[in-house]
Amino acid sequence: VKHAEIVNWTGQAISCPRQHVKSLNDWPESKKPGCYFLYGVDDESGEAAVYIGEAENVYDRVLNHLANKDFWNEIVFFTSKDENLTKSHVKFLESELVKAAKDANRQMLLNGNTPNQPSLPRSEQASMKEYFQNLKTLLGVLGHKTLEPLIHKPSDSADNKVERLDEPASETKLFLNIKGLEAQAILNDEGIVVIEGSFASKSVKDSLSNGYKKLRTKLIDSGVVIDNGNTLIFTQNYLFTSPSQAAAVLVGYAINGRNHWLDSNGISLKELETNS
């Protein structure tokens, strides 16, 4: 069982494997109102999955899930060190968390619908939004990027020079154009995110590895990539582990992505890495 806090913040996080859930009975932190994430693998698709919920007593609710939900193998929940987090607060947070998880689209979200937000005074809404940001930070520290968007949008601040701690220092936009196939991507610390609307070849050559062929099939079967007539097209942003993996899946044959992904000035990723 892991316990995480942020200095001068009243919230707290607990991470616990399924097989040790009953040991939470000895943790007073689990007997409070809070929000929780159940992590595991979806039985039908084999995809990483998450369920987000709230409860007045997290421990009681997780015991219910222990009996009635089979997919999960870890729970991460958030409560407060004081008594100021109420049922209305956690229902508000649950709604925000489900919306953020849907937008990030990191894992299969097993919630059927986005919960309705309860009515809270403006000051309490602001407090919960601050709680949300700290929650997202601790969730990442505990190894889950459920709420992190694949591509970070610029800050909404009126002063564009203001830096936000939850935004990356840099992300490189790249372009691929081979035989009429055009794609755009963002290179970041996790890998390379091919952007929605990018095109991919419908044909596959023998040089494409079996692993990449399976990945292409998975993307088509899951609807990430769909038929667009003479080509395939990405219906959403998708994270690849490397530029070569992304390029090979797009064009349908073995290719060195670092030579073919170019920045807006036509400089290859390989050159950018060499000269940086």
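Is Glu 190 buried, partly exposed or exposed? Glu 190 is partly exposed, with a relative accessible area of 29%; buried means under 20%, exposed over 50%, and partly exposed in between (1.4 Å probe, protein chains only). This is a predicted model, in which local features need pLDDT of at least 70, side-chain atom pairs count only at pLDDT 80 or more, and totals for chains, interfaces and linings use all residues. Residues are numbered from 1 along each chain as its sequence is written, and side-chain values use heavy atoms, with hydrogens and water left out.

**Salt bridges overall**
- The structure holds eleven salt bridges, each being a side-chain nitrogen of Lys or Arg within 4 Å of a carboxyl oxygen of Asp or Glu.
- Glu 54, Lys 87 and Lys 91 are linked in a network of such bridges.

**Arg 106 and Glu 190**
- The side chains of Arg 106 and Glu 190 form a salt bridge at 2.6 Å, N to O.
- Arg 106 lies in the loop between helix 2 and strand 6 (108-109) and Glu 190 in the loop between strand 8 (181-188) and strand 9 (191-194), so the pair ties together parts 84 residues apart in sequence; helices (H or I, at least four residues) and strands (E, at least two) are DSSP runs, numbered from the N terminus.
- Arg 106 is partly exposed, at 22% relative accessible area.

**Lys 218 and Glu 47**
- Lys 218 pairs with Glu 47 in a salt bridge, the closest N and O atoms being 3.7 Å apart.
- Lys 218 belongs to helix 4 (residues 210-221) and Glu 47 to the loop between strand 3 (34-41) and strand 4 (48-55), so the bridge joins parts 171 residues apart in sequence.
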